[in-house]
Amino acid sequence: MTEKNTNFVDISYLQTGESSKTDALGMREMQGMVYKARNKQYLLVKAPPASGKSRALMFVALDKLEHQGIKRVIVSVPEMSIGGSFQNTELEKYGFFADWKVPSYFDLCDTRNGSNTDKANRFVEFFHQNSAKVLVCAHATLRNGMKNISDELMNDTLLAIDEFHHTSADANSELGDIVRRVMKNSNAHIVAMTGSYFRGDGFPVLRIEEEEKFYPITYNYYQQLNGYKYLKNLILGYHFYHGSYLDHISEVLDTTKKTIVHIPSVNSRAATGQGKYAETGEIIKSIGTEEGKDYNTGVIYVRTTDGRLLKVVDLVEDEIKSRNLAQNYLRTHKNKEDVDIIIALGTAKEGFDWQWCEVCLTIGTRGSLTEVIQIIGRCTRDCEGKETARFINMIAMPDADMPDVKLAVNDFMKAITASLLMEQVMAPNWKFKCIKDEDVDDQNNKFARTLVIEGLKPLTSAKAKQIVDEQLDDLKAAILQHDDVKKSLCGGVSPERINKVIIPKIIRERYNLDNDEVEQVRQYVVADMIARGNDLYDNEGKPIDVRYADVKSDDQKSDGDRFIKIVDKFIDLDKLTINLIDSINPFQRAYEIISKSVDAPTLKIIQNSLAEQKFDMTIEQAIAIFKGPLKEYVSNHNGKIPDIEDPNPKVRELAAAYLKLKNLKQRQLAGLEYEPEKE
């Protein structure tokens with residue numbers, strides 16, 4: 001089969017410049033939203049990479065130090081390289097009342113400030129002096145330092161945690177435990193910041209009772225990207241391949257674009273087995289001929305076949321001196337021409353700032369939705385001369401000869417569900433109204449378009465309204481990570497079952513809601529998943545730009561001349577009802593993308609593997625069915641194998657047993673041992 005590039009998402013933005021404009025205090029749009037809530041004790045700031053969360057924290061922290069009785073500020077970041085975002089910053093010259101200053105002694109992200117023990121000691125020392133007001137440290141230092149102080153010492157302190165999704169409600173999360181301790185046993189203020197509030201492991205970031213205490217500020221991806229000055233569109237694409245990714249990387253690595261290549265970990269199924277250094281060397285060979293290395297900066301010079309000399313930075317290298325040289329060069333370089341391609345493993349993701357990056361080429365399935373969105377954030381920074389940002393994920397297609405087809409299919413589906421979420425959070429918003437709803441001025445959704453849906457339940461519950469207003473993206477992430485949803489992506493599950501059984505089940509698992517509240521949230525999340533990213537058209541099929549106006553208002557009825565295109569069907573807005581929405585599979589487009597991108601045998605492998613997973617069946621049970629009912633069925637049907645899509649549930653069970661044993665045989669042929677499953 002010929003490998004294909006598939007653009008899963010292609011979103012255009014208006015380049016309004018709004019998100020990067022500054023007001024009289026030197027604040028961007030998002031920073032102004034945060035500053036208005038500066039008096040809140042607990043702030044949760046959910047905003048994309050490059051939106052200015054670091055500076056937003058500086059504005060709030062300085063106000064709390066000056067006007068709110070806060071005596072000290074601790075800023076904690078996940079890794080030391082991100083600490084640079086909180087270094088000394090001039091704010092007064094842009095209109096604010098003070099500059100942000102971090103004493104070098106308490107900049108514990110500076111590699112010159114000693115060992116982990118030294119930093120933990122300085123963390124404790126910070127509470128016993130009065131001159132320094134700000135400390136910056138890594139999450140690890142915060143964890144170590146908090147072991148050596150009492151909770152009461154956190155009184156009158158502002159604790160700011162960057163990349164807050166590293167926190168978890170799990171009882172074993174040390175960072176989560178620190179947040180709970182501080183909230184329970186001190187009067188400390190907290191500012192939590194994240195570009196991806198959802199996690200990838202199924203645990204919520206905060207417990208429900210804790211989250212209710214935080215005042216949320218949500219600035220969505222569409223607001224950010226639509227308000228850029230230069231970036232015009234974002235493309236999320238996939239390149240499916242058979243065999244080794246090294247044999248195909250030249251098909252997608254465009255050396256004329258500023259690119260970060262994220263290679264797979266050695267334990268990933270996408271890894272070649274050669275080792276990370278060998279893979280890095282092969283990638284450099286695919287770029288061109290290595291002509292030398294600058295040992296003062298770590299830059300590798302590579303000559304392309306058309307004669308261009310590129311500067312490549314290797315962040316895969318573990319040797320401390322070489323790695324520090326490369327990282328320092330990336331922190332201090334000033335010009336676009338200083339770097340062309342970066343090759344990374346486990347780094348150059350969250351908090352990494354290379355504004356000229358145009359392409360993130362990622363090999364293999366990432367561990368979580370959080371990681372995907374952080375990687376995409378590396379190429380979506382606004383920069384003069386950059387009109388298009390592109391994320392390309394190279395994914396190995398499942399093959400019948402793979403040692404474990406199930407794991408390969410799960411990887412494949414994880415990548416597709418990540419795409420669905422990215423499309424949801426980065427596309428224009430829709431705002432939904434019941435027929436009799438009054439128009440509501442919603443400043444936080446000024447880019448939202450309005451759809452009137454007949455039969456839509458009004459949000460009468462405060463809890464349901466809060467979920468719809470503030471947590472819809474988090475809920476979608478939970479839905480798209482759910483096993484039942486992944487198994488429904490390749491067909492065989494009715495839209496009604498997805499919308500009315502599976503999605504309500506996930507809502508109930510996630511929130512403490514009564515049946516009516518569940519139904520309110522269900523209707524809005526289903527409508528949003530189906531409508532998000534779709535445009536409006538007139539009766540001639542031409543798109544209508546309605547970003548700043550209601551689709552249907554009192555003085556302008558659509559009268560059948562406006563249509564929304566959903567799953568390649570034009571739907572008259574006057575006939576848009578909740579019953580019609582419930583009849584549409586919210587994942588249909590994903591299925592169409594997969595169908596067009598893989599050949600028929602591969603699609604069948606994916607479908608069969610997912611179908612097998614729908615049945616909770618041990619190998620022993622499958623063998624018993626094979627020897628009895630399955631053998632009898634085949635004999636009675638002239639050798640016909642039962643179909644997993646048969647309307648008869650008993651026949652589907654026979655088919656599941658057959659598929660389970662068939663996959664077992666393939667694993668045995670690949671050299672894997674069979675061990676009976678334990679009950």
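Visitor: How many bridges join strand 9 to strand 14?

Guide: Strands of a sheet pair through backbone hydrogen bonds, either parallel or antiparallel. Two strands count as paired if DSSP finds at least two bridges between them. Here, strand 9 (residues 259-262) and strand 14 run parallel, joined by four bridges. Ile 260 sits opposite Cys 360 of strand 14. This is a predicted model: local features need pLDDT of at least 70, side-chain atom pairs pLDDT 80 or more, while totals for chains, interfaces and linings use all residues. Residues are numbered from 1 along each chain as its sequence is written, and side-chain values use heavy atoms, without hydrogens and water.

Visitor: What counts as a strand?

Guide: A strand is a DSSP run of E, at least two residues; a helix is a run of H or I, at least four; both are numbered from the N terminus.

Visitor: Which strand does strand 14 join through five bridges?

Guide: Strand 15 (residues 388-396), and the two run parallel. Ile 363 stands opposite Met 394 there.

Visitor: Is strand 14 enclosed or open?

Guide: Buried means under 20% relative accessible area, exposed over 50%, partly exposed in between (1.4 Å probe, protein chains only). Five of the five residues of strand 14 (residues 359-363) are buried, so this strand is largely enclosed by the rest of the structure. Val 359, Leu 361 and Ile 363 point one way; Cys 360 and Thr 362 point the other.

Visitor: In what order do the strands of the six-stranded open sheet run?

Guide: The order is 4-3-5-6-2-7, with parallel pairing. Strand 4 (134-138) and strand 7 (215-218) are the edges, each pairing on one side only.
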